[in-house]
Amino acid sequence: MNCERTQEQLVDYLSSQLTDTEQAALTAHLATCAECREELQTTQRLWQIMGAVPTPEPSPSLRPEFYAMLATFKKEVKNAPDYSLKGLWQRWLSLQIPLPVLRLAYSLCLIGVGLLGGYWLNNKGQEKAADQQQITALAAEVGEMRQVLLLSLIDNPSATERLRAVSYTKELDDPNSRVVNALLSTLNNDSNVNVRLATLEALTPLAQDDATVRLGLVHSLAKQRSPLVQSALADVMVQLQEHRSVQPLRRLLKQPNLDESVKSKIQESIQTLSTGRPAAPSTPSRHDQTISSPQPVRPGTIAV
Amino acid sequence: MLRVKAGDVDRMGLLFERYNRQLFGFLYHMLGRADTSEDLVQNVFYRMLKYRHTFTGDGEFRAWMYHLARNVLADYIKKNRHAAHHTDVDNLAEHLSGGSSADAALEQAQEVALLHQALGRLSPENREVLVLSRFQEMKYAEIARVLDTTEGAVKVRVHRAMNELKATYLRIEN
């Protein structure tokens, strides 16, 4: 135990906050050290004077003032809004907002949610729209390629290839005029009756809303030599209700070597067209099924 | 206090009865003025009510009370920078418990007045630990809880404060 340590502990000693061993060590040191004893005396004197410093009593008015304050506070608490969650909820419940107003607010909220959702989905959809655009562009390209393919195949020497070319027409959304012209020329000039029938079949749906095709079909009547194609054309005319075809059909009737069945067929068609009564076509709709027809393809028709 | 926190504000009366003198003593020794101290006692109890939700119940109520009191005191000192520690020397003699003779009483009164003066010249931090330790008779551990520090730090501060008080007292005496 040295002097410094002892002096540090003097206050602890006076306020009796030393452990028994600490206190024993301190007293032992004090017994040997006069300087520390003196120090203790000064400190002790001060400590005693401090103990003698009186603490006045608070004035009698303090108590009533406190209770007055407490009463005011209680009133304030009662009236003051409670900002806790529970308090807010209870205030909300006690607000008694009229039901229609609540409903209106609710529906406005729902609309808001809907708008937000829509906006979100729309933004999301824009990426898809870009993809869609690319797909459309690709589809258009494929369509163009088909048209080019059709145009190149339609002059192919092989009838099978030409049939394939004609079959592409169904896959074209909007055949251009070059394709239409090529098909019409095939219808008029192709050496193979099946190719011509297929072409006619391909052209019929186009004739519904394309005037060039209609006119081409009407003109084609005069150019056909095959009874199969002639009767098929006559059917198409009836189907389209094409009155301009009556004249060419009459002229066709005057041809000397006209097939008998075709003759009656054409007469029937003329009658239907003149009276305006739609008649069911008597020939089968799929002409290529009659490929075993006894009528040979006339080589002369190629030159027309 | 937990009952007060739960909404039983009337229980605050009980706490007032138990602690108002102690609190007044602390503030009085810190400020040296009875009237201001009474106002501040009122203020501390008001804050106890207002901030009752901050009392967790973990620590002692007394430590929490002194926390609030120290805040009130700090606010007051901030607002009244020039209000130094005040000494009502005249009043002191009246409160003394009287010695064996008139002379002894007078001598003691002088000593007490000197010490009160010396105490007023200490820094608020040093005065605080001495007030808590000597006048409020708190152990170091409790002071540490009030000041949010360690027991060791309190010990050191009390020692230093005592040395400063000794020096100041002897200087005034001579």
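**Salt bridges inside a chain and between chains**

I start with A:Asp235, which counts as buried because its relative accessibility is 9%. Please keep in mind throughout that this is a predicted model. A:Asp235 pairs with A:Lys265 in a salt bridge, with 2.6 Å between the closest N and O atoms. That pair links distant parts of the chain, since A:Asp235 sits in helix H12 of chain A and A:Lys265 in helix H14, residues 260-275, 30 residues apart. A:Lys265 is at 5% relative accessibility, so it counts as buried too.

A second pair in chain A is A:Arg214 with A:Glu242, where the closest N and O atoms are 2.8 Å apart. A:Glu242 is buried, at a relative accessible area of 4%.

Now helix H11 itself, residues 211-220 of chain A. Which of its residues are buried? They are A:Val213, A:Arg214, A:Gly216, A:Leu217, A:Val218 and A:Ser220. What do the buried residues of H11(A) pack against? Four helices of chain A: H9 (177-189), H10 (193-207), H12 (227-240) and H13 (246-253).

Helix H13 of chain A contains A:Leu252, which is buried with a relative accessible area of 2%. Leaving aside residues up to four places away in sequence, A:Leu252 touches A:Leu221, A:Gln230, A:Leu258 and A:Ile266. From A:Leu252 to A:Arg225 is 27 residues in sequence and 9.7 Å in space, C-alpha to C-alpha.

Next, chain B. Its secondary structure consists of nine helices and zero strands. Of its 174 residues, 49% are buried. If we take contacts in chain B between residues at least 6 apart in sequence, 67% of them join residues at least 24 apart. The chain exposes about 8700 Å², and 46% of that comes from carbon and sulfur atoms.

That brings me to the interface. Together the two chains bury about 3900 Å², with 66% of it on carbon and sulfur atoms. There are 14 residue pairs in polar contact between chain A and chain B, counting pairs with both residues at pLDDT 80 or more.

Over all chains the structure holds 16 salt bridges, and five are found across the interface of chain A and chain B. One of them joins B:Lys166 to A:Glu39, at 2.5 Å from N to O. Another brings together the side chains of B:Glu111 and A:Arg45, at 3.8 Å from N to O. B:Glu111 is in helix H6 of chain B, residues 102-121, and A:Arg45 is in helix H4 of chain A, so this pair joins two chains. B:Glu111 is buried at 18% relative accessible area, whereas A:Arg45 is partly exposed at 31%. A network of salt bridges links A:Arg45, B:Glu111 and B:Glu173.

That is where I will stop.

How values were computed:
Residues numbered from 1 in each chain as written. Chains lettered and ligands numbered in written order. Predicted model: local features only at pLDDT ≥ 70, side-chain atom pairs only at ≥ 80, totals over all residues. Heavy atoms only, no water. Buried area = accessible area lost by both parts, 1.4 Å probe. Salt bridge = Lys/Arg side-chain N within 4 Å of Asp/Glu carboxyl O. Polar contact = N/O pair within 3.5 Å; in protein donor to acceptor, adjacent residues only side chain to side chain. Buried < 20%, exposed > 50% of the residue type's maximum accessible area, 1.4 Å probe, protein only. Contact = heavy atoms within 4.5 Å. Areas by Shrake-Rupley, 256 points an atom, 1.4 Å probe, with all protein chains shown as cover.
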